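These are my notes from going through one model. I took the elements in the order in which I looked them up.

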Amino acid sequence: MEAILAIDVGATWLRVALVNREPLKIVKLTKTPTPQSHLSSAIPDALRVALKETISGEKLCGAAGIASIGPLDAAKGTILRAPNVAGRPTSVDVVSPVMELGLIDEVYMINDCNAAALAEWWVRSDKGVKDLLYVTISTGIGGGCVLSSRPLLGRRGNAMELGHVVVDPSGYMGCGCGGRGHWEAYGSGGNVIAFARRLLEDGLIPRSSSLGEYVGSGGSDPSEVFGLYRSADRGAVAFCERLADFEAAGLTSAVNALDPEVLVLGGSVYLGNRDFFAENVIPRMKRYLMLEAPAVEDPVFGEHSPLMGAALTCVIELKEALVTGRR
Ligand SMILES: [Zn+2]
């Protein structure tokens, strides 16, 4: 059977896969670290190598789907300046390496979180789920959504950049994107320590606490914050109270805007600290929630949700994601 070519350009990993159409299943996968410098050339080059390795001797169906870190220009098939990748490229062409194969007629491109939402909705669609919100809380924070069984993509494929919704108009913390007061600047794995350090400097975390000592001495591992929270360190407990407000504000704002039936939560910060979210964040959402709470579920496809979503753009022929604007 001819396979779909599916690609996931993540901040940390680049994955290229062959996906069987029915049943939808990864049959071959190449996973390689995403280059972190000279991105405009290094990412396409790494993609060429992974493509060669993956498609060697295999039959392809002529369509490829790409899920990628954003922001994107999906019509042109490029990644624009990404906040969570070292080197922050101005533009990365991820479609040319695919077209150069001479085997692909159509390429679909979609933001990785929108791809993950599409896959997580699709796997639940036979149970009648039509409205699903996907949120990943990891190095960054991202979101994707399917409403009335259609993915929300936006003008250039950048709808649902949830990490950059404003949860603090005072702008206490600056975000990697250049904005201020964004959810990601407080609640992502890449920024939790910076947030704690700022509070420490402003005297809002006691220096004599274990968290105060850890952050004050240059500690940089966000998982240490949650470890200290579990050991009931007063600095970490005080910090996590504040953190929970921001996580709950971000999640609830998305739910209030979209009215999903299911909220799929993923990402290393969430999956590694379910106790913190279950005790502090999910109950706190009720303070802000105007609508009925959605069911909170795990990603069925785990770390492969974006890759499966990329393959699905080809299966459902998602016209809004078709790369058309290339010269
Ligand atoms: Zn931002």
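Which elements are included in what covers the buried residues of helix 10? I looked this up in what is a predicted model. The cover includes helix 8 (234-258) and helix 9 (268-271). The buried residues themselves are Phe-277, Val-281 and Met-285. Residues three or four places apart in an α-helix point the same way, because there are 3.6 residues a turn.

I then checked the geometry of helix 10. The helix covers residues 274-288, 15 residues in total. From first C-alpha to last it reaches 20 Å, close to the 21 Å expected at 1.5 Å a residue. I also looked for a bend, and found one of about 30 degrees at Val-281. A proline, Pro-283, follows within four residues of that position. Val-281 is also one of the buried residues of this helix.

I found an open sheet of five strands in the order 3-2-1-4-8, and its pairing is mixed. At the edges are strand 3 (25-33) and strand 8 (106-111), each of which pairs on one side only. Direction ignored, neighbouring strands of this sheet are turned by 15 degrees against each other on average. I looked at one pair in detail: strand 2 (residues 13-20) and strand 3 run antiparallel and are joined by eight bridges. Within that pair, Leu-18 has Lys-28 of strand 3 as its bridge partner.

Which helices pack on the sheet? I noted helix 3 (residues 112-122), which touches strand 1 (3-9), strand 4 (60-68) and strand 8. The direction of helix 3 makes about 100 degrees with that of strand 8. I also noted helix 11 (residues 305-315), which touches strand 1, strand 2, strand 3, strand 4 and strand 8. Helix 11 has a direction at about 135 degrees to that of strand 4.

I then compared the two helices with each other. The axes of helix 3 and helix 11 come within 7 Å and cross at roughly 80 degrees. I therefore record helix 3 and helix 11 as roughly perpendicular to each other. On the helix 3 side, the residues that meet helix 11 are Asp-112, Ala-115, Ala-116, Leu-118, Ala-119, Glu-120 and Trp-122. Their counterparts in helix 11 are Ser-305, Pro-306, Met-308, Gly-309, Ala-310 and Leu-312.

Last entry: backbone details. I looked for cis peptide bonds and noted one between Glu-22 and Pro-23, with omega about 0 degrees. Pro-23 sits in the loop between strand 2 and strand 3. I noted another cis peptide bond between Gly-70 and Pro-71, where omega is about -5 degrees. Pro-71 belongs to the loop between strand 4 and strand 5 (72-73).

Asp-259 has a phi of about 55 degrees although it is not a glycine. Asp-259 lies in the loop between helix 8 and strand 12 (262-266). Is Asp-259 buried or partly exposed? I count Asp-259 as partly exposed, because it has 13 other C-beta atoms within 10 Å. Glu-317 is likewise not a glycine, and its phi is positive at about 50 degrees. I found Glu-317 in the segment after helix 11. Glu-317 has 11 C-beta neighbours inside 10 Å, so I count this residue as exposed.

Technical notes
Residues are numbered from 1 along each chain as its sequence is written. This is a predicted model: local features need pLDDT of at least 70, side-chain atom pairs count only at pLDDT 80 or more; totals for chains, interfaces and linings use all residues. Two strands pair if DSSP finds at least two bridges between them. Axes are lines fitted to C-alpha atoms, for helices over the stretch in contact, and angles run from 0 to 180 degrees between N-to-C directions. Two residues are in contact if their C-beta atoms, placed from the backbone, lie within 7 Å. The expected span of a helix is 1.5 Å times one less than its number of residues. The bend at a residue is the angle between axes fitted to the seven residues ending there and the seven starting there. A residue is buried if 20 or more other C-beta atoms lie within 10 Å of its own, exposed if 12 or fewer, and partly exposed in between; C-beta atoms are placed from the backbone. Angles under 35 degrees count as roughly parallel, over 145 as roughly antiparallel, 65 to 115 as roughly perpendicular and the rest as oblique.
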